[in-house]
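This report is meant to be read beside the sequence and the model.

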Amino acid sequence: MRPTKEQSLEVYRRMRRIRTFEERVGELFVRQQTAGSMLHLSIAEEAAAVGVTYPMREGDSFTTHHRGHGIFLARGADPKRMMAEIAGKADGYCRGKGGSMHIADRTLGHLGANAIVGGGIPAVVGAGLSYKVLAKPNVSIAFFGDGAMQQGVLYESMNLAALWRLPVVFVCVNNQWGMGTRIDRAAANTQFHERARTFGLEGHVVDGADVFAVIDIAERLVQGARDGRAAYLSVECYRYYGHARMDKSPYRTPEEEAEGRKQDPIQRAITRLREKDGATTGEFEAIDAAIAQEMDEAVEFAINAAPPPVTDLFRDVYDDHEPAPEPLRKRLERILTTNLTATN
Amino acid sequence: MIETTYREALGLALRHAMMEDPTVVIIGEEVGAYGGAYGVTKGLLQEFGKERVIDSPISEAGFVGAAVGAAMSGLRPVAELMYVDFSGIAMDQIANQAAKIRYMFGGQMGVPMVLRTQGGTGRSAAAQHSQSLEGWFLQVPGLRVALPGTVSDAYHLLRASLRQADPVVFIEHKALYVQKGKLDPTQADANWGRAVVRRPGGHVTVVTYSRMLTYALAAAENVAGHGVEAEVIDLRTLNPLDWETVSGSVTKTGRAIVVTEACLTGGPAAEISARIQEECFDFLEEPIVRIAGEDVPIPVAPALEARSVPTVALITEIIRKLVR
C-alpha cells in the first residue's frame, strides 16, 4: 500500500482510538467498584486490529478471542455501547449479558468474542461455508492469540477451510504470552505460519509494529480468501501489560518488558507520518483530542447507563416466542403453596 | 399413510426439509457418499449435491463448530454426530458455543441448527458406542433435547426440530432404526414440546422416551392381563419438558415410574422423579420408582449388555409390585 497522507492519518487515528479506549476502560471498574477481573487489554496490538480489518467490507464477518476490544473498534464499534457492555449495562451491545469477553454485534459482522481459547475459530469456517453455499462475496476472519496455537480445534478448522476452499482467514495475534506462559514454553516450533502451510493454507508472518506492512499482507490474503484460498497470518507483537487487569506479570523480567515495549505500532506510525508525510504535532494533537473526548463521553455514558432489569436474567435463553425458564422463587412458592399440608 | 422404518422416516424428513428450504445443509462424517453410518442420509448427496450434503473428515469439534457458525450466518445446518458418545470431542462447541450464543450476545442472534446423533444399546457396540447421554445436554440451558421413540416421530419430531430457532440435540436410538411403523407425512408435524399418552390407564403412570417407550408399552400390555392399567407417557422432548401431561397423569394415578436407558445416578430419571415428588406430593400413594440403566459402562457381551439397561420383564415386575 502506498497510502496518501490522509489515509495514513486515518490509520493512525484508528490505532490511537483503540489505545485510548484501552487506557480508559479500566476506569469503569474503579469508579463503579465492581470486580472487572475479566478485562484483557490489546495495547500494542493495534496494528493487528487495524491492519487486518482494513480490507474488510460490509457483510464480512469475524470472531475474536478474549482480547478483542481493538478488533471490534477497528471494524467500527461504538465505544459508548462497548463500554456499556463491558460495564454490564442494558445499553451495551449484548444488553449487559456478555461483557468484555463475549461482545458481539450482528450488524457489524462480529460473530462474537470468545472466552474459550480457540472456541470461536470453527464458527468462521461455518460462516465461510454459508457464503460459499449462498454465493455471497464475503470473507470471515478468525482472530485469536498465540495460546490458541496449541488447541486442536484450530487445526481441525484450518483443515476444513483448506479442504472445502472457503473464504476464511485465520489471524494469530501473537503477543508472545499465553497468560503466564511464553510461547517458547508452549511450543517447540514457534514458527506458527509453517504449521498453516502444511494444511495447504497460505501461511505468512508479519511485523505487528508496522501497520502498513500488516495492511499490505492482509489485503492480499483477504482478496485471496474471497477467491476461495483460505489463509493464515501471524501478527508478531508484544503484550505490554499483564494477562488481565490485576496481573502485574511478575513472571517476566524488566529487561524483557523494556525490549518488548519498544515494539509500539503507534510510535512507529507517528515516526513514519512525520518523516514521509510531514505530519505536524498539531495534526496529531487534533486527532488525539477528538478521541480523548469521544472516550470521555463513552466512559460517562457507560457509568451512567442503567443496569439490565432483573427480569432479563431469564430472557434470551431461548427464542422470544418460547416460554422463558421458570424463576426459582416462583417455582418454590408454587410447590410450597400446593404441597405443604401438614402445618398450614 | 405409508408403512416404513424409523431410519427411512428420518431420511424422508431430511429430504422434505431440503426440498422446501434451500438453506438446509447436512454436514457430518460419512453423510454423503457412504449414505450415513446407519444409512439415514442415503441418496441425499445424489439428489442435492455436495454443496448441501457435505462429507466432513473425522473432526467433530471442527464440523460441529462449523455448523454453529453456518447457523449464525444464514444456513440451517443439520450436523450428524455419528455416535452421541463422540459428543465429548465436540462438547465445547455444543455447550459453550451453540447453547450460549443467543444469551451471551443479548438475543442478537441464535443458532438454528439440529445436531442429529444416536445412542443407546442393542448392537453390542460396547462402552464407547452405546451410551445414553441425554442427561449431559439437559444440564445446559439453551439446548433443546429431542428423542423420537416411534417411526412417526422419527419423521415429525425431526421436522419440528428443523423449525426451532434454537439448537436441538436430536438423539435417535440405534436399535430403533429397523423398527417398522406407520407414517403419514401429510399430517401436521409433532406438537413441539408436548408429550404423548401412548396408552391410557388409571393405576400407574410410566414416564419414558426413546426405545424404553417400546419396552414400557410391552410391559403395560403384560400387566393388563392382570387387571393393571398402566398409563404410558412418551416425553419425546426432555427440553422442553411437558410437565402438564406428566403431572396430569400422576395426579390421576397416584403412582409414578420413570424408565430411562440412561444411567441412574444424576440422570434424567432423577430430574423427572424429583419434580414429580415436589409438585405431585399430595397425590402420591407410593414412592416414585426409577428404572434406569445400571451405573456401569456398557459391556460388549450381548448377555451383559442386555442386562445393563432395563428389561421388559423388570418393568413388568415393578409395575405389578407397585400396583397391588
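What follows is a description of the predicted model, part by part.

The model is predicted, so to speak of local features a pLDDT of at least 70 is needed and side-chain atom pairs count only at pLDDT 80 or more, while totals for chains, interfaces and linings use all residues. Residues are numbered from 1 along each chain as its sequence is written, chains are lettered from A and ligands numbered from 1 in the order in which they are written, and side-chain values use heavy atoms, with hydrogens and water left out.

**The sheet of chain A**

Helices (H or I, at least four residues) and strands (E, at least two) are DSSP runs numbered from the N terminus, and two strands pair if DSSP finds at least two bridges between them. In chain A, six strands build an open sheet with parallel pairing, in the order 2-1-3-4-8-7. Its edges are strand 2 (110-113) and strand 7 (202-207) of chain A, each of which has a single partner strand, so one side of each is left without a neighbour in the sheet. Neighbouring strands of this sheet are turned against each other by 15 degrees on average, direction ignored; axes here are lines fitted to C-alpha atoms, for helices over the stretch in contact, and angles between N-to-C directions run from 0 to 180 degrees.

Strand 1 (residues 61-64) and strand 3 (residues 140-145) of chain A pair in the parallel sense over three bridges, and T63(A) has A142(A), in strand 3 of chain A, as its bridge partner. Helix 6 (residues 121-133) of chain A packs on the sheet, where it touches strand 1, strand 2, strand 3 and strand 4 (168-174) of chain A, and its direction makes about 170 degrees with that of strand 3 of chain A. Helix 10 (residues 211-226) of chain A lies across strand 3, strand 4, strand 7 and strand 8 (231-236) of chain A and runs at about 165 degrees to strand 7 of chain A.

**Between the chains and between the domains**

The size of an interface is often given as the accessible area lost when the parts come together. Buried area is that loss (1.4 Å probe), summed over both parts, and contact means heavy atoms within 4.5 Å. In these terms, 46 residues of chain B are in contact with 46 residues of chain A. Y103(B), M104(B) and Q108(B) supply 17% of the area that chain B buries against chain A, more than any other three residues.

An automatic or database domain assignment is the source of the domain bounds, and for chain B it gives domain 1 (2-183) and domain 2 (196-322). The centres of these two domains of chain B, taken over C-alpha atoms, are 26 Å apart, and their contact takes 27 residues from domain 1 and 23 residues from domain 2.

| Parts | Buried area | Given by carbon and sulfur atoms |
|---|---|---|
| Chain B and chain A | about 3,800 Å² | 56% |
| Domain 1 and domain 2 of chain B | about 2,000 Å² | 55% |

On the side of domain 1 of chain B, T121(B), S124(B) and L147(B) lose the most area to domain 2 of chain B, together 24% of what that side buries.

**Cores and buried residues**

Buried means under 20% relative accessible area, exposed over 50% and partly exposed in between (1.4 Å probe, protein chains only). A nonpolar core is a set of buried Ala, Val, Leu, Ile, Met, Phe, Trp, Tyr and Cys residues joined through side-chain atoms within 4.5 Å. The largest nonpolar core has 183 residues, of which L28(A), I141(A), F144(A), F170(A), Y232(A) and I276(B) touch the most other members. It draws at least three residues from each of domain 1 and domain 2 of chain B. Another core, of 20 residues, lies apart from it and has M212(B), A219(B), I291(B) and L322(B) among its members.

Strand 11 (residues 230-234) of chain B has five of its five residues buried, so it is largely enclosed by the rest of the structure. Strand 11 of chain B pairs with strand 9 (residues 196-199) of chain B in the antiparallel sense over three bridges, and with strand 10 (residues 204-208) of chain B in the parallel sense over five bridges. V232(B) is the bridge partner of R199(B) and also of V206(B).

R236(B), in the loop between strand 11 and strand 12 (237-239) of chain B, counts as buried at 6% relative accessibility. T260(B), in strand 13 (residues 256-263) of chain B, is buried with a relative accessible area of 1%, and, residues up to four places away in sequence not counted, its contacts include M212(B) and I291(B).

Terms used
Buried area is the accessible area (1.4 Å probe) that two parts lose on being put together, summed over both.
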